[in-house]
Amino acid sequence: ESYRGAAAFPDTEVPEAILDALATQGKTLDDVSIATGYSFDANTMELLMITAIRVKGADISAATDAFVQVFDDDEPPAEQTPAQISGKDVTVLRPTAESTDDELQYVYPKDDVLWVVAAQEPALSEVFSKLP
């Protein structure tokens, strides 16, 4: 699935934090595109999801916090922990205090793309080894 501009937020009003983060860098919703892909392994019953949020020409690191807050219904994650996976510096998000380890999200800002991965090992390391 992929969306561009305001269509990336189809069911809700665009959060003010996103608009502010974009405006700070002279960007608008027209510069935003979001793509999501997923895979389900019926043998292991594991879901792998990858979301790429691109703000064309922006420093996505500066907007990461605004996008992260939107992931969990405008609530900041219960826990954010720095980690390294396949040589990449990531932030591990625990959406709520009750979230299990299989509900963790791994956030990786790179250039103008914010990568958000939900997966378990060994798929987690494989995904990150292939990201830029």
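Author: Happy to. One definition to begin: the expected span of a helix is 1.5 Å times one less than its number of residues. Keep in mind as we go that this is a predicted model.

Reader: How far does helix α2 reach from its first C-alpha to its last?

Author: Helix α2 covers residues 60-71, which makes 12 residues. At 1.5 Å a residue, the expected span is 16 Å. The model comes close to that, with a reach of 15 Å.

Reader: Over to α3. Within what arc do its buried residues fall?

Author: Helix α3 runs over residues 123-130, and its buried residues are Leu124, Val127 and Phe128. An α-helix has 3.6 residues a turn, so residues three or four places apart point the same way. Looking down the axis of α3, you find that its buried residues line one face of the helix, because they fall within an arc of 90°.

Reader: Is β7 largely enclosed or open?

Author: Look at its partners: β7 pairs with β3 in the antiparallel sense over six bridges, and with β6, also antiparallel, over five bridges. Five of the six residues of β7 are buried, so the strand is largely enclosed by the rest of the structure.

Reader: Which residue in the turn between β6 and β7 has a positive phi?

Author: β6 and β7 form a hairpin, and one of its bridges joins Pro109 to Leu114 in β7. Two residues lie between the strands. The one with a positive phi, about 55°, is Asp111.

Reader: Now β5. Is Asp89 buried or exposed?

Author: Asp89 sits in strand β5, and its contacts beyond four places in sequence are Ala83, Gln84 and Tyr108. With Gln84 there's a side-chain polar contact of 3.0 Å. Still, the cut-off for exposed is over 50% relative accessible area, and at 56% Asp89 counts as exposed.

Reader: What about Arg94, buried or exposed?

Author: Arg94 is in β5 too, a strand that covers residues 88-94. Beyond four places in sequence, Arg94 touches Pro77, Ala78, Glu79, Ser99, Thr100, Asp101 and Leu104. The cut-off for buried is under 20%, so at 18% relative accessible area Arg94 is buried.

Reader: Which residue has a side chain in polar contact with that of Arg94?

Author: The contacts of Arg94 include Ser99, Thr100 and Asp101. The polar contact joining the side chains is 2.9 Å, and the partner of Arg94 in it is Asp101.

Methods: Residues numbered from 1 in each chain as written. Predicted model: local features only at pLDDT ≥ 70, side-chain atom pairs only at ≥ 80, totals over all residues. Heavy atoms only, no water. Helix = DSSP H or I, 4+ residues; strand = E, 2+ residues; numbered from the N terminus. Buried < 20%, exposed > 50% of the residue type's maximum accessible area, 1.4 Å probe, protein only. Polar contact = N/O pair within 3.5 Å; in protein donor to acceptor, adjacent residues only side chain to side chain. Contact = heavy atoms within 4.5 Å. Arc of directions from axis to C-beta. Pairing = 2+ DSSP bridges.
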